[in-house]
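Hi everyone, thanks for coming along.

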Amino acid sequence: MNPEIIAKYFTLTDEQRSRFDALGELYRDWNSKINVVSRKDIEELYERHVLHSLAIAKVCTFEPGAKVVDIGCGGGFPTIPLAIMFPEVEFTAVDSIGKKITVVREVAAALGLTNVTPVNARIEAVGGEFDYVVSRAVTDMNTLKGWALPKLRVGQKGSVPNGMIVLKGGDLAEELGLARLRCDIYEISDWFDEEFFATKKVIYAKR
């Protein structure tokens, strides 16, 4: 585990650096109790989960007060890294699996993050509107679009207009065609030079 990989690509405050440094041991401990990430991935947590999540921050700098919902947050990715990076943004982390939400709640509490609201529910049952939907490899884009669009309000609370910002990998031509979405596709390898990101992408679709 090497938290310094984050500082390689982002300028961090002392508080952000301290929180990122603490993530490794927190997730190692929780992974021994609940399979948050795959066993082989835990040693690569900072590259494959934390930095990967932060690729979203290369597409959009969220404004203070923005409301972001993470659909299918799992053990807290991309919510937790983004909440560290944007401490004045409100993040709602949604997952239908209770034990994963427990991890999100406990990690956020251990880090002193007050801008994370964990919700154990399906996204359809979550009320309210959001400026951005984020997600990481939860489902196909057509299904995600059906979940996300009713939750998004028109406007702009960041460096791009409100919309969906999704982490994906591989050949997405057929999937995006079926979703009938007008998207911007960003190659993560344009920002991060580790081999892991060679086929990884961020998909942005305006509301």
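Let's begin with a definition: the bend at a residue is the angle between two axes, one fitted to the seven residues ending there and the other to the seven starting there. Helices (H or I, at least four residues) and strands (E, at least two) are DSSP runs, numbered from the N terminus. Two notes on where this comes from. It's a predicted model, where local features need pLDDT of at least 70 and side-chain atom pairs count only at pLDDT 80 or more, while totals for chains, interfaces and linings use all residues. Residues are numbered from 1 along each chain as its sequence is written, and side-chain values use heavy atoms, with hydrogens and water left out.

Okay, helix H3. Where is the kink in H3 centred? On Leu51, and the kink is about 35 degrees. Buried means under 20% relative accessible area, exposed means over 50%, and partly exposed is in between, using a 1.4 Å probe and protein chains only.

On to the rings. Rings of Phe, Tyr and Trp (its six-membered ring) pair if their centres lie within 6.5 Å; planes under 30 degrees apart are stacked, over 60 edge-to-face, and the rest tilted. The structure holds 10 aromatic pairs. In one of them, Tyr27 and Phe77 are tilted, at 4.9 Å centre to centre with 35 degrees between the planes. That pair links distant parts of the chain: Tyr27 is in helix H2 (residues 14-33), and Phe77, 50 residues apart from it, is in the loop between strand E1 (67-71) and helix H4 (79-85). Are these two buried or exposed? Tyr27 is buried at 1% relative accessible area, and Phe77 is buried at 4%. Elsewhere, ring pairs link Tyr9, Phe10, Tyr186, Trp191, Phe192, Phe196 and Phe197 into a cluster.

Charges can sit over rings too, meaning NZ of Lys or CZ of Arg is within 6 Å of the ring centre and within 35 degrees of the ring normal. Lys200 lies over the face of Phe196, at 4.2 Å from the ring centre. Lys33 does the like with Trp30, at 4.4 Å.

Stay with Lys33, please. A salt bridge is a side-chain nitrogen of Lys or Arg within 4 Å of a carboxyl oxygen of Asp or Glu, and by that rule the count is 12. Lys33 makes one with Asp29, the closest N and O atoms being 3.2 Å apart. Both lie in helix H2, 4 residues apart, about one turn of the helix. An α-helix has 3.6 residues a turn, so residues three or four places apart point the same way. Lys33 counts as exposed at 52%, and Asp29 as partly exposed at 36%.

Another salt bridge joins the side chains of Arg48 and Asp41, at 2.9 Å from N to O. Arg48 is partly exposed at 27%, whereas Asp41 is buried at 12%.
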